[in-house]
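Here are my notes on the two-chain model, point by point. Please read them with the structure open.

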There are 2 protein chains.
Amino acid sequence: MMISEYLKGLGQQARAASFSLANLGAPAKRALLQAIAAELAVSRSDILAANGRDVTAARAAGLNDAMIDRLLLNEARLDAIIADIATVVALPDPIGEEIDSRLLDNGLRLSRRRVPLGVIGVIYEARPNVTVEIAVLALKTGNAVILRGGKETIETNLLLAGAIRRALQSEGLPADAVQLIDNPDRALVNGLLRLDRYVDMIVPRGGQGLQRLCAEQATIPVILGGIGICHMYLDSQADVGRALPVIINAKVQRPTVCNALDTLLVHRKQVASLPRIGRELAALGVKLVACADSRAQLSDAGIGAELADDDSFATEWLSLTLGIKLVSDVDEAIEHIRRYSSGHSEAILTDNVHTAGHFLNEVNSAAVYVNASTRFTDGGQFGLGAEVAVSTQKLHARGPMGLEALTTYKWLGIGDYTSRG
Amino acid sequence: MMISEYLKGLGQQARAASFSLANLGAPAKRALLQAIAAELAVSRSDILAANGRDVTAARAAGLNDAMIDRLLLNEARLDAIIADIATVVALPDPIGEEIDSRLLDNGLRLSRRRVPLGVIGVIYEARPNVTVEIAVLALKTGNAVILRGGKETIETNLLLAGAIRRALQSEGLPADAVQLIDNPDRALVNGLLRLDRYVDMIVPRGGQGLQRLCAEQATIPVILGGIGICHMYLDSQADVGRALPVIINAKVQRPTVCNALDTLLVHRKQVASLPRIGRELAALGVKLVACADSRAQLSDAGIGAELADDDSFATEWLSLTLGIKLVSDVDEAIEHIRRYSSGHSEAILTDNVHTAGHFLNEVNSAAVYVNASTRFTDGGQFGLGAEVAVSTQKLHARGPMGLEALTTYKWLGIGDYTSRG
């Protein structure tokens with residue numbers, strides 16, 4: 001009961017604030033973002049001190065080094081967070097655009113106007129940069145946000161949100177446009193997911209467990225994403241010498257992210273290339289998990305590999321591990337992708353235009369590539385200027401989500417005391 | 001367990017069928033729709049006989065005349081259903097269009113291609129025309145559907161779905177592109193709402209109870225809609241003589257639909273016009289539910305009205321009832337709308353361009369009108385050619401949903417063995 005009253009309060013305040021933001025002009029929003037950057041700079045030492053307390057607590061709680069590195073802020077990282085705000089300031093403001101304007105036969109002048117979504121709930125884990133990033137993107141598009149970060153970064157997030165709220169007030173805007181849930185009680189996440197009276201969209205930024213919790217519990221539309229079981233298919237007619245650097249790029253450049261390669265599907269006619277592919281990947285520290293046939297080939301060439309199974313093909317590795325499977329043709333590759341893909345990014349490597357076209361038609365993931373690395377699936381790479389999340393669902397937004405994904409439209413109809421006939 | 005196996009089977013079959021439909025060309029889909037129209041015409045007497053059995057059962061179960069009229073098919077209604085297919089055949093096919101094509105600095109040729117959603121689940125009540133309408137719109141856009149109609153029309157729906165499935169087979173396509181859940185067990189609805197492995201979108205077409213069930217239970221994205229608590233605000237500077245026919249149109253033309261007027265907000269300076277408005281509406285059979293002040297005015301003029309309260313203003317009347325409230329200015333009207341509206345359709349009646357602009361900016365419903373009837377919110381009126389539903393949520397589709405709302409897009413990236421730098 002206390003939880004629901006607390007959340008209801010947050011929701012009402014966010015909704016009220018969203019009305020103040022909805023019709024702000026682009027210059028006012030640019031000024032707001034600049035004020036946030038200035039306020040973060042002024043609060044630098046307090047923010048770093050708070051982050052120090054989070055790091056100390058995390059060490060005491062026994063978190064590993066990788067996790068502590070994720071929540072760590074230092075001068076350089078805070079500089080980068082502040083510098084990123086300038087990038088968002090410079091982006092065009094999508095709000096207010098009118099599309100599909102037309103005069104209907106019934107005399108009505110009809111158009112669709114792009115407007116903010118309203119209130120966005122964001123649930124994320126231990127990366128304090130997300131607090132600023134999401135607040136700034138939401139405010140740029142005239143939305144209010146309710147933030148729920150990881151409990152490991154609560155001290156840092158409180159300072160970051162505090163600075164943002166002071167900037168809002170200094171610009172004469174309601175501080176409650178950005179609210180941070182500062183209570184670590186897990187029940188608050190479930191409560192937030194059911195706050196449909198006040199919240200228009202939930203963006204979970206985290207792993208499979210969080211995504212599933214949101215899908216199961218939310219009564220608010222959720223943007224699922226960020227899980228990538230990504231495939232590349234090396235066709236019989238690919239140039240292996242040119243393809244290999246692309247495979248390596250997809251797997252090795254940054255193995256911990258969602259657009260990294262998880263499974264390489266190899267046409268059986270390319271089986272002679274397997275030792276070369278395996279050797280180059282192994283030399284870069286890649287661990288192979290191969291189907292029985294490809295494992296035998298690799299083994300003959302003295303390259304070790306674990307045996308793949310149904311579970312391994314359904315795994316997002318997020319590490320220097322790669323599944324390998326031999327397939328008889330492009331259709332077997334497509335079949336495998338349909339079965340195991342999370343709908344994020346898939347690629348074909350081929351010189352045959354017909355096979356490429358077939359793959360583009362039949363594979364239905366957020367991003368499908370011909371002769372390119374799956375690593376391109378990224379808001380920055382796609383030229384969106386910012387990335388709210390990478391959606392792997394089909395409604396509202398698919399793939400990298402830019403500012404437009406934080407907007408909706410309303411229909412406007414202008415008549416002259418016009419009735420329907 | 002049996003239920004979940006049954007639903008899983010439906011889901012798998014629908015998903016498999018969706019792959020066969022996804023890349024069909026527009027001519028093949030037009031031929032399919034024409035085959036459906038032909039098959040329905042051939043099956044006419046069987047369909048009407050099945051509908052007769054549904055009507056008999058409904059009478060025996062004590063359904064009232066209005067409900068029986070909703071499920072009734074006769075020669076004329078079946079003709080209309082078949083004729084509507086020709087309209088959909090003639091609509092442009094949105095599938096395959098490529099948008100936002102560009103060459104990125106990284107050498108990638110990027111575009112977004114419009115593709116079908118995949119599998120759509122539709123849950124609806126006792127209107128057999130929906131069975132054909134939704135199946136035809138889904139197939140036109142290359143989607144498979146799982147239909148769950150009302151138990152009152154099960155016999156009719158089985159015959160309609162059977163005809164559609166025969167047409168699919170006659171065109172060499174999988175019959176399972178259209179599947180009807182023929183078991184009235186309510187648990188199947190809950191199961192369908194959680195079939196996220198196979199179903200991409202749920203469209204509930206029914207009342208508040210069904211909408212809420214879907215929001216609560218679904219793990220699949222749901223398009224909520226069709227609930228309209230619609231407002232008109234009569235401004236101090238409106239021409240009452242010209243405004244009154246628009247008010248009457250919004251309330252009286254078809255009171256049982258979601259875009260009909262529910263509450264009239266009247267500027268206090270127009271209080272002298274209240275008796276005229278009340279008298280004209282009462283003469284058309286409209287029952288008034290008025291705030292204390294407006295009720296007193298009406299009463300002085302000899303016009304009866306019930307006293308409005310919080311609950312009555314939160315009611316979608318779906319009948320010849322109208323709420324009336326006096327407000328001091330446009331902002332009080334906007335405040336009332338924000339509190340009670342379901343986000344469907346609102347209108348202002350005014351001659352003042354500034355007040356009109358303010359209302360358009362501040363009211364955030366799916367459709368906002370100046371000097372026009374709320375009755376215009378309709379796919380046909382908006383020129384969309386078809387209407388899947390009227391969405392009152394903000395994601396994916398808002399307001400009347402045409403064919404485009406049954407599609408998504410995938411990003412295509414064409415490189416030349418291109419790696420990310």
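1. Pairing, first. Two strands count as paired if DSSP finds at least two bridges between them. In β12(A), Leu349(A) is the bridge partner of Leu234(A). Please bear in mind that this is a predicted model.

2. The surroundings of β12(A). Four bridges connect strand β7 (residues 230–234) of chain A with β12(A), and the two run parallel. β12(A) also pairs with β13(A), again over four bridges and in the parallel sense. There, Ser345(A) stands opposite Ala367(A) of β13(A).

3. Is β12(A) buried or exposed? Five of the five residues of this strand (residues 345–349) are buried, so β12(A) is largely enclosed by the rest of the structure. The cut-off for buried is under 20% relative accessible area. Ser345(A), Ala347(A) and Leu349(A) point one way from the strand. Glu346(A) and Ile348(A) point the other way. Both sets are buried.

4. The whole sheet. Which strands form it, and in what order? The order is β10(A)-β9(A)-β11(A)-β8(A)-β7(A)-β12(A)-β13(A)-β16(B)-β2(B)-β1(B). That makes 10 strands in an open sheet with mixed pairing. The edge strands are β10 (306–307) of chain A and β1 (98–103) of chain B. Each of them pairs on one side only.

5. The crossing between chains. Strand β13 (residues 367–372) of chain A meets strand β16 (residues 407–418) of chain B through five bridges. These two strands run parallel. Within this pairing, Ala372(A) is opposite Thr418(B) in β16(B).

6. A helix on the sheet. Helix α12 (residues 292–300) of chain A packs there. It touches β9 (287–290), β10 and β11 (321–327) of chain A. The direction of α12 makes about 135° with that of β9(A).

7. The interface. Chain A contributes 81 residues to the contact and chain B contributes 81 residues. About 6,800 Å² is buried between the chains. Carbon and sulfur atoms give 46% of that area. On the chain A side, Trp411(A), Tyr417(A) and Arg420(A) lose the most area to chain B. Together they account for 15% of what that side buries.

8. Ser111(B). This residue sits in strand β2 (residues 109–116) of chain B. Its relative accessibility is 7%, so Ser111(B) counts as buried. What does its side chain meet in a polar contact? The side chain of Glu98(B), at 3.0 Å. Beyond its neighbours within four places in sequence, the contacts of Ser111(B) include Ile99(B), Asp100(B), Lys410(B) and Trp411(B).

9. Ala31(B). Helix α2 (residues 26–42) of chain B holds this residue. Ala31(B) is partly exposed, with a relative accessible area of 30%. Leu168(B) is 137 residues from Ala31(B) in sequence. In space, their C-alpha atoms are 10.0 Å apart.

How values were computed: Residues numbered from 1 in each chain as written. Chains lettered and ligands numbered in written order. Predicted model: local features only at pLDDT ≥ 70, side-chain atom pairs only at ≥ 80, totals over all residues. Heavy atoms only, no water. Contact = heavy atoms within 4.5 Å. Axes fitted to C-alpha atoms, helices over the stretch in contact; angles between N-to-C directions. Buried < 20%, exposed > 50% of the residue type's maximum accessible area, 1.4 Å probe, protein only. Polar contact = N/O pair within 3.5 Å; in protein donor to acceptor, adjacent residues only side chain to side chain. Buried area = accessible area lost by both parts, 1.4 Å probe.
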